[in-house]
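Please open the model in a viewer and follow the selections below in order. Each stop names what to select and what is found there.

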Amino acid sequence: MSAVDLADAKAHLRINFAADDAYITGLIGAAEDYVESVGVAFATPIQPAVRHAVLLIVSHFYNNREAVTTAGIAAMPFGVNALLQPFREQSL
């Protein structure tokens, strides 16, 4: 199950052209993989905070296409980790 579809991601990115559709679809997959890798399972229906975290990650990946930048990057105070923390599954 996908947390975000292409139309939602494009609306979030404010994109109305099709040239980047395949790229954005790949970013959605990468963002969802990241969310799962930090221990968050997608529920049905998708939790709004988890869905928004995926959109934030897609937006970050789309706008920052390089692995390194000369500009300083700061995390948003209420960013992806804060949105995902309540949904993380922890094992002992």
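Begin with the rings: the structure holds one aromatic pair (ring centres of Phe, Tyr or Trp, the latter by its six-membered ring, within 6.5 Å; planes under 30 degrees apart are stacked, over 60 edge-to-face, the rest tilted). Select Y23 and Y62, which form this pair in a tilted arrangement, 6.1 Å centre to centre with 50° between the planes. Y23 belongs to helix α2 and Y62 to helix α3, so the pair ties together parts 39 residues apart in sequence. Helices are DSSP runs of H or I of at least four residues, numbered from the N terminus.

This is a predicted model, in which local features need pLDDT of at least 70 and side-chain atom pairs pLDDT 80 or more, while totals for chains, interfaces and linings use all residues. Residues are numbered from 1 along each chain as its sequence is written, and side-chain values use heavy atoms, without hydrogens and water.

Colour next by relative accessible area (1.4 Å probe, protein chains only; buried under 20%, exposed over 50%, partly exposed in between). Y23 is partly exposed at 32%, whereas Y62 is buried at 12%.

Now select residues 21–37, helix α2. Its buried residues are D21, I24, L27, I28, A31, E32 and V35. Turn to the face away from this buried side to find the exposed A22, D33 and S37. Finish at G39, which follows α2 and has a positive phi near 95°.

Note on methods
Helices (H or I, at least four residues) and strands (E, at least two) are DSSP runs, numbered from the N terminus. The expected span of a helix is 1.5 Å times one less than its number of residues.
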